[in-house]
Amino acid sequence: MGSAAVEDMIEASSGFHFSGFHMDGVAGGAASGKTTVCDMIMQQLHDQRVVLVNQDSFYHKLTEEELARVHEYNFDHPDAFDTEKLLESMDNLRHGRAVDIPKYDFKSYKHNVFPERRVNPSDVIILEGILIFHDPRVQELMNMKIFVDTDADVRLARRIRRDTVEKGRDIGSVLDQYSKFVKPAFDDFILPTKKYADIIIPRGGDNHVAIDLIVQHIRTKLGQHDLCKIYPNLYAIQSTFQIRGMHTLIRDSQTTKHDFVFYADRLIRLVVEHGLGHLPFTEKQVITPTGSVYTGVDFCKRLCGVSIIRSGESMENALRACCKGIKIGKILIHRVGDNGQQLIYEKLPQDISDRHVLLLDPILGTGSFLLRLIIIFCYVHSNRENCFIALSHPVRASQELEFHQGRRNSAVQAISLLIKKGVPESNIIFLNLISAPQGVHMVCKSFPRLKIVTSEIDIGLNEDFCVVPGMGEFGDRYFGTEDDDDQKVAAPLQQCS
Ligand SMILES: Nc1ncnc2c1ncn2[C@@H]1O[C@H](COP(=O)(O)OP(=O)(O)O)[C@@H](O)[C@H]1O
Ligand SMILES: Nc1ccn([C@@H]2O[C@H](COP(=O)(O)O)[C@@H](O)[C@H]2O)c(=O)n1
Ligand SMILES: [Mg+2]
């Protein structure tokens, strides 16, 4: 069996594959409301897997001479764009390679190379720009084509206001540019592409019905890859801008240790609260001070936490803050040397088998690492058929691998240990901040009655088996054992007035 076949199987087993390239396009005249419509779609979708890419990012770099005579430059002609570069970026994404896309600054006529925008291959891309339907090769890539149709006089009025107020241009130069380049280009290149559109939106951002329909369509596409639909035992917390904001901070490599801990703690608290919501409850009635009956629920009492050392310990305080006096056990899985031998340390409550267990580990990543080892193991020791057996029976195969090589994924190993101690699988709730699809597949398939509660599901693992985009080595960042962070600038704390 060739290595390509092994890779195919790993990909198939992890569920993270690159064939899902999905791009929608939004075209229309300048100032028709394309950006406004796209921003509204993005706000409503509220999903980190969707990214907006502007055709402006692919404007050709101007020469010094062109910059000096910029009023004579035609930014509305198809030749103003580096379409080959746009196609190259899309081709990379199609083939599973992330790309960096610069932001364009209309004021300086230059691209901001730092920071460029990283677009990942699994993202749904919304490409927006005046001429994105002009080149048939770009047009062909689009799953859904939308044309924002706004009257010429409205476009001109909006353009005058936008370019004078936002871009600081004078009205004379705006009108000159309009009559010399913008209007002719609209008639010659943009309007003729309207016929390729699947959806034409009159009134742009004011057309809420059209925007709702587009959002629904994209949601359906996204749903096809939704791991929560595949595994009923996986619960990803509903994303809000607060949660996204906190993730943005803890994922930023420039965030200081102090801010990292602060925002990680806030997220951990949310995950813990969600996890507690999955515990069984009994109905309870109380009498309120008004003498009325309130029918509520009583908390589950037989609980304990188990942290996987060392990162999992960062979640203990949040659990203690939510559950007064909760017992917390610990599991350490330590690889000794390179021969795969493992040392397991555990300190668990005696009566753990009678308790519901909240298993704590901020990152679930390496499910695929185990699978990769299994596949390589089967490949080396046996044949292709056994690789498929390994994929369909990962626990059995991992036990076999453990027997032969003494290696297992720490999450799987910790869960197996709890089950060995008599904890029913359905009494375990595994709490993560971020999970990689490979780890989710591994744990959810192996332990279908256990629940995973996570705040975000990431794209996958890189060649070093690190979660991407991820947040780096959580334990090092949380406990301050990473490199010096003097260079980093403190993030402004959220103002709560
Ligand atoms: N429905 C609307 N009503 C009023 N102003 C609008 C509306 N849609 C967009 N605008 C304004 O018109 C200008 C152009 O809109 P924009 O979305 O940037 O268009 P495009 O991206 O097509 O050039 C912006 O200043 C924007 O704020
Ligand atoms: N430096 C530049 C680059 C482009 N333009 C104008 O922007 C329009 C395209 O952007 P929209 O958001 O309006 O689609 C296009 O009409 C260019 O003339 C510019 O003015 N300056
Ligand atoms: Mg725009």
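Predicted model: local features only at pLDDT ≥ 70, side-chain atom pairs only at ≥ 80, totals over all residues.
K34 puts a polar side-chain atom 2.8 Å from an oxygen atom of ligand 1, a polar contact in the sense of a pair of N or O atoms within 3.5 Å (within protein, one must be able to donate a hydrogen and the other to accept it, and residues adjacent in sequence count only if both atoms are side-chain atoms). Residues are numbered from 1 along each chain as its sequence is written, chains are lettered from A and ligands numbered from 1 in the order in which they are written, and side-chain values use heavy atoms, leaving out hydrogens and water.

**Around ligand 1**

- T35 has a polar side-chain atom 2.6 Å from an oxygen atom of ligand 1, and for T36 that distance is 2.4 Å.
- On its own, ligand 1 exposes 550 Å², and the protein buries 75% of that; these areas come from the Shrake-Rupley method with a 1.4 Å probe, and for residues only the protein chains shown count as cover.
- The shell has 13 residues, with A31, K34, T35, T36 and R162 coming nearest; being near here takes a heavy atom within 4 Å.
- Two helices, α2 (34-45) and α6 (152-165), each supply at least two residues of this shell, and α2 gives the most, with three. Helices are DSSP runs of H or I with at least four residues, strands are runs of E with at least two, and both are numbered from the N terminus.
- By class, the shell around ligand 1 splits into two nonpolar, five polar and six charged residues. Ala, Val, Leu, Ile, Met, Phe, Trp, Tyr, Cys and Pro count as nonpolar, Asp, Glu, Lys and Arg as charged, and the others, Gly among them, as polar.

**Around ligand 2**

- An N or O atom in the side chain of D76 sits 2.4 Å from an oxygen atom of ligand 2.
- Ligand 2 has 470 Å² of accessible area on its own, and the protein covers 97% of that.

- β5 (residues 124-128) is largely enclosed by the rest of the structure, because five of its five residues are buried. Buried means under 20% relative accessible area, exposed over 50%, and partly exposed in between (1.4 Å probe, protein chains only).
- Both faces are covered, with V124, I126 and E128 buried on one side and I125 and L127 on the other.
- β1 (residues 22-28) runs parallel to β5 and is joined to it by five bridges; strands pair if DSSP finds at least two bridges between them. D24 stands opposite I126.
- β2 (residues 50-54) also pairs with β5 in the parallel sense, over five bridges, and N54 faces E128 there.

**Cysteines**

- The disulfide count is zero, going by a cut-off of 2.5 Å between a pair of cysteine sulfur atoms.
- For C300, the nearest cysteine sulfur is that of C323, 9.3 Å away.
- C300 counts as buried at 18% relative accessibility, whereas C466 is partly exposed at 39%.
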